[in-house]
Amino acid sequence: IAIRKPLIAGNWKMYKTGTQAVAAAKQLADLTQGVTGVDIMIAPTALSLPLMAAALGKDAQVRLGAQNIYPGTEGAFTGEVSGPMIKDAGADYVIIGHSERRQYFGETDETVGSKIRAALDAGLIPVMCIGETESQRDADKTFFILDKQVSDGLKGFDLGDLNSLVLAYEPVWAIGTGKTAGPEQVKEVHGFLRHLIKEKYAEGLAAKMRILYGGSVKPGNIKDLMHIEDVDGALVGGASLNPADFNKIIRF
Ligand code: PEP
């Protein structure tokens, strides 16, 4: 029973100008035409969202996401972008708590929680990123860290809040390094996360929540990853920048 439609999401990080983003979006739209059975999302810089939305059109198969969100609708917060602005710009998703945001911009499980709330309030699908660092894995703290990130990040949320939430497991040591977690590691963690959601919330929510894997996903390893139980898609950084590669990945 395919209750979870796979999601392949591309995180473009701070790459591509608006002009380059529109060109890549058009290429991707052409390449992915007619593909079914998978949700496709690209998260460019916020500046490119309205340009890409206009280029792709309202009913496009390639959907858009933001890479960050401010936890409030408007106000004197120089440099920030809110949920309603992201939604109005044409996005359906927002990536929250990416390890680069946690590492370089001081995001914590608490800020992640408030950003998830802001996303839901704006009608956006939150893609909540979690993952252990290499030293945490070496110290056998992987499951402790993941439990803490989920528990603290989702503190105060009800079952009904989390219907659309997507979890992305991204071991920090596998992001942009060319190292991918082994199939056993991925299977173990994804199984653990689904069980955690079941224990904390409900079996029904756990059964339908999409859990993505992220960390050096490439055309050459996507097939094996997608065969792993409890892997419902991927969050792709580097390899999403090239439309031809990303097209291969969405055709896992
Ligand atoms: C990411 O940034 O979410 C990511 C997984 O990057 P990469 O695919 O480049 O490892």
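Helices here are DSSP runs of H or I with at least four residues, and strands are runs of E with at least two, numbered from the N terminus. You are looking at a predicted model, where local features need pLDDT of at least 70, side-chain atom pairs count only at pLDDT 80 or more, and totals for chains, interfaces and linings use all residues. Residue numbers run from 1 along each chain as its sequence is written.

Now show Leu49, Met52 and Leu56, the buried residues of α2 (residues 49-56); buried means 20 or more other C-beta atoms within 10 Å of the residue's own, with C-beta atoms placed from the backbone. Look down the axis of α2: its buried residues fall within an arc of 70 degrees (taken from the directions from the axis to the C-beta atoms), so they line one face of the helix. Step just past α2 to Gly57, which has a positive phi of about 90 degrees.

Next, pick α1 (residues 18-31) and α11 (residues 243-250), whose axes, fitted to C-alpha atoms over the stretch in contact, come within 9 Å and cross at roughly 35 degrees, on a scale from 0 to 180 degrees between N-to-C directions. Display Ala24, Gln27, Leu28 and Leu31 of α1 with Pro243, Ala244, Phe246 and Asn247 of α11, which make the contact (C-beta atoms within 7 Å).

Finally, centre on Met128: beyond its neighbours within four places in sequence, its contacts include Ile96, Val112, Ile116 and Leu167.

Technical notes: Contact = placed C-beta atoms within 7 Å. Buried ≥ 20, exposed ≤ 12 C-beta atoms within 10 Å, placed from the backbone.
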